[in-house]
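Me: Please go through the side-chain interactions and the metal site one question at a time. State each cut-off once.

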Amino acid sequence: MFELLKTDTSSRARLGRLTTPRGVIDTPMFMPVGTQGSVKALDPRELVEMGTQIILGNTYHLHIRPGLEIITAAGGLHKFINWPHPILTDSGGFQVFSLAKIRKIKEHGVEFRSHLDGSLLFLGPKEAMNIQRVLGSDIAMVFDECPPHDSPPREMRLAVERTIRWAQECREQPRAAGQMFFGIVQGGSNAALREECAKKLVAMEFDGYAIGGVSVGEPEPEVMKAIEFTEPFLPANKARYAMGLGTPAQMVELVARGVDLFDCVLPTRVARNGTAFTSKGTVSVKAGFNKSDFRPIEEGCTCYACQNFSRAYLRHLLNVGEILGLRMVSVHNSHMFLKVMTDMRAALAAGTFAEFRREFIANYVPTRKVLSARLETR
Ligand SMILES: [Zn+2]
């Protein structure tokens, strides 16, 4: 189901192809996040136009609203949201540990109160796999425990043990026809725990492996360490997915460390604050210096927003609160993230990834504000 087409000689980067029941995903690939069944501010036609091959959905959120009864009546998640292409569903583990108000970790899952109305709910391997089966996603994720990055060693170990045990329980649950499923490696920035978790999950033979517990508030060097501690223990013939990451520059560095798949809320989240991603870093479209700048957000960009509108006009829309403004910045940002992937795949195919990486990182100036925006919950 995953074909490794080419490996880079200068790094751990890989060119690949993941075949799912509803379509092929060329890797490295970015997956726009549609937590609530919609990639914020974008419609399916726009997503397809910009080259989206797979989007994310979320077990926790979709289970709470609109609920499985309605999605079942609609004929599954793909039909309900009119997205006939691949969908990966997150298991809800991350949300249970980050959003739920009060929670009690039990043997077979977590009892928690809904972040919306306080009602008592329970989510564990059995429930998470059942919800994902009913949603009918193409790739399901195991239910894991995602501990805070600064958890004491004892708690980090317990979380890894539970993650391994729950992964096994997930394996035993029925799945939708053709539904693939990925294990999630935890262990924070502890090398021994990452190795142990990765090895035990690989022995269970999942269709792919995610590196979880990253992008949870830790500084960037810790993120890179967590990936480096995990990647060597993952099989080369399976896809690797870094959950919740990252900025364009981080994604380039993560591809160089052997990661194939990414998801991140940044392109649409910062768009709503009037911030755009460019090959040189982020730019505030809202800023006064764009008042009479009639160039597009990024010259040479082929997205709909850059082909049709100026910075000055988009700034005006954002300042008066017109929805079109944040929609167009969302279009540009999502297009930009996908374009970075297209460029990396082209460089990998041509054997020029080292040059691409060097040039990209030299041009790209990271923004602190953007890095901190990533840390809000999904
Ligand atoms: Zn653009």
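Reply: A salt bridge is a side-chain nitrogen of Lys or Arg within 4 Å of a carboxyl oxygen of Asp or Glu. This is a predicted model, in which local features need pLDDT of at least 70 and side-chain atom pairs count only at pLDDT 80 or more, while totals for chains, interfaces and linings use all residues. Residues are numbered from 1 along each chain as its sequence is written, and side-chain values use heavy atoms, with hydrogens and water left out.

Me: How many salt bridges does the rule give?
Reply: Side chains of opposite charge can pair when their charged atoms come close. With the cut-off above, the number of salt bridges comes to 21.

Me: How far apart are N and O in the salt bridge of lysine 106 and glutamate 111?
Reply: Buried means under 20% relative accessible area, exposed over 50% and partly exposed in between, with a 1.4 Å probe and protein chains only. Lysine 106 has 36% and is therefore partly exposed; glutamate 111, at 22%, is partly exposed as well. Between their side chains, the N to O distance is 3.5 Å.

Me: Why are glutamate 161 and arginine 157 about one helical turn apart?
Reply: These two form a salt bridge, with their closest N and O atoms 3.0 Å apart. Helices (H or I, at least four residues) and strands (E, at least two) are DSSP runs numbered from the N terminus. Glutamate 161 and arginine 157 are separated by about one turn because both belong to helix H7 (residues 153-171) and their spacing is four residues.

Me: Which residues are linked with Arg157 and Glu161 in a network of salt bridges?
Reply: Glutamate 161 is partly exposed at 37%, and arginine 157 is partly exposed at 32%. The network that links them also takes in Glu196 and Lys200.

Me: Which helix holds both glutamate 222 and lysine 225?
Reply: The closest N and O atoms of this salt bridge are 3.2 Å apart. Glutamate 222 is partly exposed at 23%, as is lysine 225 at 34%. Three residues, about one turn, separate them in helix H9.

Me: How is the aromatic pair of phenylalanine 206 and tyrosine 209 arranged?
Reply: Rings of Phe, Tyr and Trp (its six-membered ring) pair if their centres lie within 6.5 Å; planes under 30 degrees apart count as stacked, over 60 as edge-to-face and the rest as tilted. The count is 11 aromatic pairs. For phenylalanine 206 and tyrosine 209 the centres are 6.2 Å apart and the planes are at 90 degrees, edge-to-face.

Me: The charged end of which residue sits over the ring of phenylalanine 206?
Reply: A charge sits over a ring if NZ of Lys or CZ of Arg is within 6 Å of the ring centre and within 35 degrees of the ring normal. Phenylalanine 206 is buried, and tyrosine 209 is too. The charged end over the ring of phenylalanine 206, 6.0 Å from its centre, belongs to arginine 171.

Me: What is the arrangement of the donor atoms around the zinc ion?
Reply: Donors are N, O and S atoms within 2.8 Å of the metal (3.2 Å for Na, K and Ca); water is not among the atoms, so sites may look incomplete. Here they are Cys301 (SG), Cys303 (SG), Cys306 (SG) and His332 (ND1), 2.1 to 2.3 Å from the zinc ion. Four donors count as tetrahedral if all angles lie between 85 and 135 degrees. The angles are 100 to 117 degrees, so the arrangement is tetrahedral.

Methods: Four donors count as tetrahedral if all angles lie between 85 and 135 degrees; four count as square planar and six as octahedral if opposite donors are over 155 degrees apart and all others between 65 and 115; anything else is irregular.
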